[in-house]
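User: Hey, can you walk me through this one? I'm new to reading structures.
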Amino acid sequence: MGRIPIGWDCVTIQTIAADRPHAIVDGPFGSNLKSIHYKEQGVPVIQSGFVTTGKFIANSYVYVDTSLFLAQKRSAVEPGDIVMAKIGAQCGSCAILPSDHPIGVLAGNALKISVDNNKCRTAYLDLLLKYYYDTGKINLIKTETAQPAISLKSLKAMLIPVPSTLEEQDNIVSVMSSLENQINTEERYLGKLIKLKSGLMHDLLTGKVRVPLDEEGE
């Protein structure tokens, strides 16, 4: 674990999970949820690809009917849960299911963590897991078989540093959110400058806009 501040706790992810069955769980076994079960409407299937950017982005969904969802309800994922890619090159990447998102069911390539927010803020754990992914520490709980995958058992037992007060956790999240907003603003501005440069280059190199000559005609 290394050095942690005085007053912080060192706990396993399992101990801060919500006090209910299947608080940390993966998607159904492959044969229990296959493409032949997909429908055009119903309960959305939450794929690992929705979180591989570190943000929850779903451009399109597949669905299952209610009867199959109830049969696989152990793999239900609710707004506010952390969704993590379980299998593949980007396993360990994660994001929080948005608060306005309907209840879904995990695909076989994903897992979820439901956090007890009286013990640890979901947003704090999400930030910490993203840090572990970016720094490679998440590799400690990967298994390497045919393809890399997150070990659910190791994930539950993983030790993490947690500020002992929820207020400090909230402050950490607030600071990081402010920095994230600043980065997003700068990236949008950079995008505008790149488009402006591209347009200006086109105008200059096609002669649409002429560069004035100096006094000596050069």
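This is a predicted model: local features need pLDDT of at least 70, side-chain atom pairs count only at pLDDT 80 or more; totals for chains, interfaces and linings use all residues.

User: OK, how is the lining of the second largest pocket split by class?
Analyst: Six of its residues are charged, four are nonpolar and one is polar. Among them are R20, H22, R74, E78 and D81. The space in this pocket comes to about 150 Å³.

User: What counts as a pocket, though?
Analyst: On a 1 Å grid over the protein atoms alone, a pocket is an open set of points where a 1.4 Å probe fits, with protein on both sides within 12 Å along at least five of seven lines; lining residues have an atom within 4 Å of a point. The volume is the space filled by probe spheres set on those points, which are joined across faces, edges and corners.

User: And how much space is in the largest pocket?
Analyst: About 790 Å³. Its lining has 26 residues, with G54, D126, L127, K130 and E180 nearest the centre. By class, that lining splits into 15 nonpolar, six polar and five charged residues.

User: Which element gives the most to that lining?
Analyst: That's α2, with nine residues. β7 (94-96), α2 (122-135) and α4 (166-205) each supply at least two. Those labels are DSSP runs numbered from the N terminus: helices are H or I with at least four residues, strands are E with at least two.

User: Switching topic: how many salt bridges are there?
Analyst: Six in the whole structure, counting a side-chain nitrogen of Lys or Arg within 4 Å of a carboxyl oxygen of Asp or Glu. One of them joins D126 and K130, at 2.6 Å from N to O. Both sit in helix α2, four residues apart, or about one turn of the helix.

User: Is D126 buried or exposed?
Analyst: D126 is buried, at 8% relative accessibility. Buried means under 20% relative accessible area, exposed over 50%, and partly exposed in between (1.4 Å probe, protein chains only).

User: What does R74 pair with?
Analyst: R74 makes a salt bridge with D26, and the closest N and O atoms are 3.3 Å apart. R74 is in the loop between α1 (66-71) and β5, while D26 is in strand β2 (residues 24-26), so the pair ties together parts 48 residues apart in sequence. R74 is partly exposed at 33%, whereas D26 is buried at 13%. D26 and R74 also belong to a salt-bridge network with K86.

User: Which residue does D170 bridge to?
Analyst: D170 bridges to R121, with 3.0 Å between the closest N and O atoms. This pair links distant parts of the chain, 49 residues apart: D170 is in helix α4 and R121 in the loop between β9 (110-113) and α2. D170 is partly exposed, at 34%, and R121 is also partly exposed, at 24%.

User: Last one: in what order do the strands sit in the open sheet?
Analyst: The order is β4-β3-β8-β5, with mixed pairing; strands pair if DSSP finds at least two bridges between them. β4 (63-64) and β5 (76-77) are at the edges with a single partner each, so one side of each has no neighbour in the sheet. Strand β3 (residues 43-46) runs parallel to strand β8 (residues 104-106), joined by two bridges. I46 stands opposite L106 in β8.

Terms used:
Residues are numbered from 1 along each chain as its sequence is written. Side-chain values use heavy atoms; hydrogens and water are left out. Ala, Val, Leu, Ile, Met, Phe, Trp, Tyr, Cys and Pro count as nonpolar, Asp, Glu, Lys and Arg as charged, and the others, Gly among them, as polar.
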